[in-house]
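Here are some friendly notes to read beside the model. They take up the salt bridges and then the nonpolar cores.

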Amino acid sequence: MIEDYITSRLEPQILYYEKRSALFRREHNALSILTLFLMASIPFLTLLLDLAPSVRFAIAAVGIAASILSGILYFHNAKEQWQKYQALAQSLRSEKETYLYCAGAYLSIEAQKEKDSLFVATCEAILSNAKN
């Protein structure tokens, strides 16, 4: 019974949160690096103004793009989402290991059925808090 819960409910949830965490981490890092390069290119482009006055349009475009990307980074909250999903996956994995090794709260419980019930209730509480 508990093995079914672990394989059909818990493990898929852990994998889901790990994948989402990795997705948001990649997204945050890509947007951050792109913003950094755009912002760093503006001083270089200003050096080219004497050679080609039309570069000012490129400077403006790069500035606008960097501002938009900064806004996306701020409002999309990819970093917070990445950290949230990573923490959830780690909490679930930690609870599973604690249960499997009969440590922590499971150490003092004699009956296996009570351990199983506590384990499921704890995991479901973690998952329920994740949705809120």
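1. Let me begin with Glu18, which is partly exposed at a relative accessible area of 32%. The terms used here run as follows: buried is under 20% relative accessible area, exposed is over 50%, and partly exposed is in between, with a 1.4 Å probe and protein chains only. Please keep in mind that this is a predicted model, in which local features need pLDDT of at least 70, side-chain atom pairs count only at pLDDT 80 or more, and totals for chains, interfaces and linings use all residues. Residues are numbered from 1 along each chain as its sequence is written, and side-chain values use heavy atoms, with hydrogens and water left out.

2. What does Glu18 meet in a salt bridge? Its partner is the side chain of Arg93, at 2.9 Å from N to O; a salt bridge here is a side-chain nitrogen of Lys or Arg within 4 Å of a carboxyl oxygen of Asp or Glu. Arg93 lies in helix α3 and Glu18 in helix α1, so the pair ties together parts that are 75 residues apart in sequence. Helices are DSSP runs (H or I, at least four residues), numbered from the N terminus. Arg93 counts as partly exposed, at 30% relative accessibility.

3. The whole structure holds three salt bridges. One of them joins Arg9 and Glu124, whose closest N and O atoms are 2.9 Å apart. This pair links distant parts of the chain, with Arg9 in helix α1 and Glu124 in helix α4, 115 residues apart. Arg9 is partly exposed at 26% relative accessibility, and Glu124 is partly exposed with a relative accessible area of 27%.

4. Do have a look at Glu11 and Lys96 as well: their side chains meet in a salt bridge at 2.2 Å, N to O. Glu11 is in helix α1 and Lys96 in helix α3, so this pair ties together parts 85 residues apart in sequence. Are these two residues buried or exposed? Both Glu11 and Lys96 are buried.

5. On to the nonpolar cores (sets of buried Ala, Val, Leu, Ile, Met, Phe, Trp, Tyr and Cys residues joined through side-chain atoms within 4.5 Å). The largest has 20 residues, and Leu10, Tyr17, Leu92 and Phe119 have the most contacts inside it. The elements giving two or more residues to this core are α1 (2-47), α3 (78-100) and α4 (112-131). Apart from it lies another core of nine residues, including Leu31, Val55, Val62 and Leu73.

6. Finally, Tyr17 deserves a view of its own. Beyond its neighbours within four places in sequence, Tyr17 is in contact (heavy atoms within 4.5 Å) with Tyr85, Leu88, Ala89, Leu92, Leu127 and Ala130.
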